[in-house]
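Here are a few notes to go with your first look at this one. Have the sequence and the 3D view open as you read.

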Amino acid sequence: MKNLRDEFPLIAKNKFAYLDSSATSQQPKCVLKAVDDYYKKSHANPHRGTYCLSVEATNAYDFSRQKVADFLNAHFEEIVFTKNATEALNLVAFSYGSFLKKGDHVLLSLMEHHSMIVPWQRACKTHGATLDYIKLNNNFELDLDDFEKQLRKKPKIVGISSVSNVLGTKNNVKQIIEMAHSVGAKVLVDISQSIAHEKFDVEKMDADFVVFSGHKMYAPMGVGVLFAKEELLEAMPPFLLGGDMIEYVYEQETTFAPLPQKFEAGTQNVGGAVGLKTAINFLEEIGFDKIKEIETELTKYARAELKKLKFVECYFTSNAKNHENVISFNLKGIHPHDVASILDSKGVFVRAGNHCAQPLLRSLGLNSTCRLSLSLYNTKQDIDKLVEALKYAYEMFFKTK
Amino acid sequence: MELKDIYTNLVMEHSSNSPYKTELKNATHKQHGHNPSCGDDITIFVNLENGKIKDASFSGVGCAISQASTSIMIETLIGKTTLEAKQIAQIFVKMIDREKLLPEEKKLLKNARAFENIKDMPARVKCALLPWKTLLKLLEEN
């Protein structure tokens, strides 16, 4: 097999340890080339022109959608391209959220990203519904007993991420969906943190809504995906309005285009969609079993190495099998931003802050954390480099005292 | 730029062991400031008497740079009139904005000049600026 690092120009050319793939992943040569080729050879506005180039751009866009549909085991009409997962979440909260009535409940896990929380806050306020949260147990996992209890309120919607972007906790999505369906709730799953690492089959999972961002799975920024069951999309009002999503426009009335165009107003990111299709091909060529093998080994190694450092406090589940790719930690007595700056000076790139999950951090009694995240181009050397830099940071702070 | 040009002994000392980190009793004014993206969160307490900062202190959480910048700012400004404090805060902002300072302006900043090199660490500029912006808000609103 090819050396995976060599496939990523930005990784191969530099000596730094890039440990922030949960924020955005780097892109492989094949994706960069596919986007470049699209703009050099096939670019025009899709759906509009009758000339051959526009037809080519339309084909490029349609083939990309079909690829995403096949990847998720969904139908072509069930795939809506968005700017990112955030836009997809806003679409669902605005559009499906418009069916909420006074007294209804919406249930989210407390480990959700702000992009899940904030749109549902507004939807609930607008329609007089109540927003509830599933608590965590003291092992950084969802408390399924609490979930069961909350389900007695018969929520209309349950929103959950497959993997926490702060804790790396992997949720049992299948079980959660089954439990939620048993009380008639629709389930919205944010798979942004897992899609580069594990396949998601919407039919097998019986998910109602699924969202992810392309840029966290080796595709360019600016393209994301919403999957929703066809009957739901049919019933939902459109989100953004404008060109390309209409059928007939009269002075006072409009009828809308069929799925999926109904949810794609304006000129779309065709180059991004082509990049996404290529990124999926890239992942499938390596194979998800191989990806899992590489990344599980890395996560295991990082857990073990960090645990050896007495001055590091880690926030991850003790069940290694429920833990993927993301590790939050703090150096005792040093603010994460100082740690991240010092690591930066040693060529180790991690994120510090609240990771767009303030309610989660607050519930853990934390203000902010450092976060490392691993991807298939990372190596054990990256983690060794991190460990050395952490020791340096600790000494730098505590030798002055 | 060397990292040690930012994390100097002075900065480390002020961040870990500030004499001003306490909630001032009888404060006449207080102002809350925060950087939402990173969680730096401070409150500045000031005792104003006849247009003069008679005493000041702070509380809150944050990185070493924001904590030290707050502590050093308070050290620099105690005893100054509100007008002088405003002027010094503006000079600090100017320094961070990479504008050239006059020799007399540099003198007024005293220990706060320790943050001159923060301009070479763009990701941390907002940490150093937080207390000064918070103070300017306090002075402008009162």
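1. Start with the rings: A:F8, A:Y18, A:Y218, A:F282 and A:Y377 make up one aromatic cluster. Rings of Phe, Tyr and Trp (its six-membered ring) count as a pair if their centres lie within 6.5 Å; planes under 30 degrees apart are stacked, over 60 edge-to-face, and the rest tilted.

2. Before going on, bear in mind that this is a predicted model: local features need pLDDT of at least 70 and side-chain atom pairs pLDDT 80 or more, while totals for chains, interfaces and linings use all residues. Residues are numbered from 1 along each chain as its sequence is written, chains are lettered from A and ligands numbered from 1 in the order written, and side-chain values use heavy atoms, leaving out hydrogens and water.

3. Across all chains there are 20 aromatic pairs. One of them, A:F311 with A:Y394, is stacked, at 4.2 Å centre to centre and 15° between the planes. A:F311 sits in the loop between α11 (288-307) and β11 (312-314) of chain A and A:Y394 in helix α14 (residues 380-398) of chain A, so the pair ties together parts 83 residues apart in sequence. (Helices, H or I of at least four residues, and strands, E of at least two, are DSSP runs numbered from the N terminus.)

4. What does B:Y7 touch? Leaving out residues up to four places away in sequence, its contacts (heavy atoms within 4.5 Å) include A:H337, A:F397, B:M12 and B:R124.

5. Chain B also has an open, antiparallel sheet of three strands, ordered β1-β2-β3. The edge strands are β1 (29-35) and β3 (52-61) of chain B. Strands pair if DSSP finds at least two bridges between them; β2 (residues 40-49) and β3 of chain B share nine. Across that pairing, B:I44 stands opposite B:F58.
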